[in-house]
Amino acid sequence: MKTNRLIWKSVAAFVLGAIVLTSCLDDPEPVALDAVPDVFVQKVVQDGVEKYGLAFWVLGNKALDSVMVQGPEDGMWSLEADPTGNRVFSLFPEEEDYTHSMPDAGDYTFTVKSTQANEAALTLKDELEEDELAIVVIDSTKFNNSKLEIYWQEVDGADASYVRLYDNINDLIFMSSRLDGDETDYSFGIADTGWANSSNKAQAGETYRIEVMAILYESGSTSTNRDYNVQFISKAAVEIIWGE
């Protein structure tokens with residue numbers, strides 16, 4: 001499992017997939033290509049310096065062959081199919097891709113091609129706005145009654161937040177439900193929901209990375225479409241030893 005995949009978007013994928021399945025059952029003709037694009041920024045701290053990375057995500061209503069993106073300053077990006085299936089294509093910044101300045105705001109044009117022979121490519125646009133969030137600051141972590149407690153400072157303007165846990169090979173093994181943007185603490189243990197795999201939970205004495213992620217959605221987004229209208233993500237992480 002890639003650690004930079006945006007797991008909460010699986011909900012949106014499931015909903016759109018259900019709609020597509022229904023239409024296919026009712027209509028023997030191949031469904032026309034449709035897709036949901038999203039461009040957004042991730043902010044992290046590297047060597048004590050705040051940096052920005054550009055990220056892209058596309059969900060198609062059928063198998064996709066390729067996705068290309070052109071930016072407002074003629075930048076070009078080629079997205080990759082998700083390991084779990086070719087209806088999702090994405091591109092997330094690697095450590096060396098982060099820069100000191102906010103990426104260019106404006107329209108990003110997505111050219112989406114399906115695997116269906118002779119089907120015309122679909123052109124879609126998503127606007128990257130100028131709004132951003134401050135970096136997440138984690139204050140402390142501790143264990144209490146067999147649960148990990150994590151405390152962080154409120155990120156002004158954040159619409160939501162998530163807490164995620166990674167193992168020593170950088171696989172995501174736990175993610176919280178969506179938290180309100182003004183929440184500043186969270187706790188969880190082995191018996192709580194949110195573990196990616198029931199057979200791969202945290203073990204006492206092992207080292208893990210706990211991450212807090214604050215999210216800003218695009219202006220005008222709604223509760224039904226905000227998961228694929230992300231504007232900005234701010235992240236911070238610390239290492240912990242489970243149980244200590």
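Strand E5 (residues 80-82) and strand E6 pair in the antiparallel sense over three bridges, and a hairpin of two residues connects E5 to E6. Strands (E, at least two residues) and helices (H or I, at least four) are DSSP runs numbered from the N terminus, and two strands count as paired if DSSP finds at least two bridges between them. The model is predicted: local features need pLDDT of at least 70, side-chain atom pairs count only at pLDDT 80 or more, and totals for chains, interfaces and linings use all residues. Residues are numbered from 1 along each chain as its sequence is written, and side-chain values use heavy atoms, with hydrogens and water left out.

**Confidence and overall composition**

- The protein chain has an average pLDDT (the predictor's confidence in each residue, from 0 to 100) of 89, and 89% of the residues score at least 70.
- Residues 1-25 have a pLDDT below 50; this stretch has 49 contacts (heavy atoms within 4.5 Å) in the model beyond near neighbours in sequence.
- One helix and 16 strands are assigned in the protein chain.
- Among contacts in the protein chain with a separation of 6 or more, 65% link residues 24 or more positions apart.
- Of the 244 residues, 44% count as buried; buried means under 20% relative accessible area, exposed over 50%, and partly exposed in between, with a 1.4 Å probe and protein chains only.
- The protein chain exposes about 12,400 Å², of which carbon and sulfur atoms supply 46%; accessible areas come from the Shrake-Rupley method with a 1.4 Å probe, and for residues only the protein chains shown count as cover.

**Pairing around E6**

**The four-stranded open sheet**

- An open sheet is formed by four strands in the order E4-E3-E7-E8, with antiparallel pairing.
- Its edge strands are E4 (76-78) and E8 (122-128), each of which pairs on one side only.
- From one strand to the next, the twist averages 20°; axes are lines fitted to C-alpha atoms, for helices over the stretch in contact, and angles run from 0 to 180 degrees between N-to-C directions.
- E7 (residues 106-114) and E8 run antiparallel and are joined by seven bridges, with Tyr-108 opposite Asp-126 in E8.

**Strand E15 and its neighbours**

- Strand E15 (residues 207-217) is largely enclosed by the rest of the structure, because nine of its eleven residues are buried.
- E15 pairs with strand E11 (residues 160-166) over seven bridges in the antiparallel sense, and Tyr-162 stands opposite Met-213 in E15.
- E15 and strand E16 (residues 230-241) run antiparallel and are joined by eleven bridges; Leu-216 has Phe-232 in E16 as its bridge partner.

**Nonpolar cores**

- A nonpolar core is a set of buried Ala, Val, Leu, Ile, Met, Phe, Trp, Tyr and Cys residues joined through side-chain atoms within 4.5 Å.
- The largest core has 45 residues, of which Phe-110, Val-112, Trp-152, Val-163, Leu-165, Phe-188 and Trp-242 touch the most other members.
- E15 gives the most to this core, with five residues.
- Another core, of 14 residues, lies apart from the largest one and includes Ala-55, Met-175, Met-213 and Val-230.
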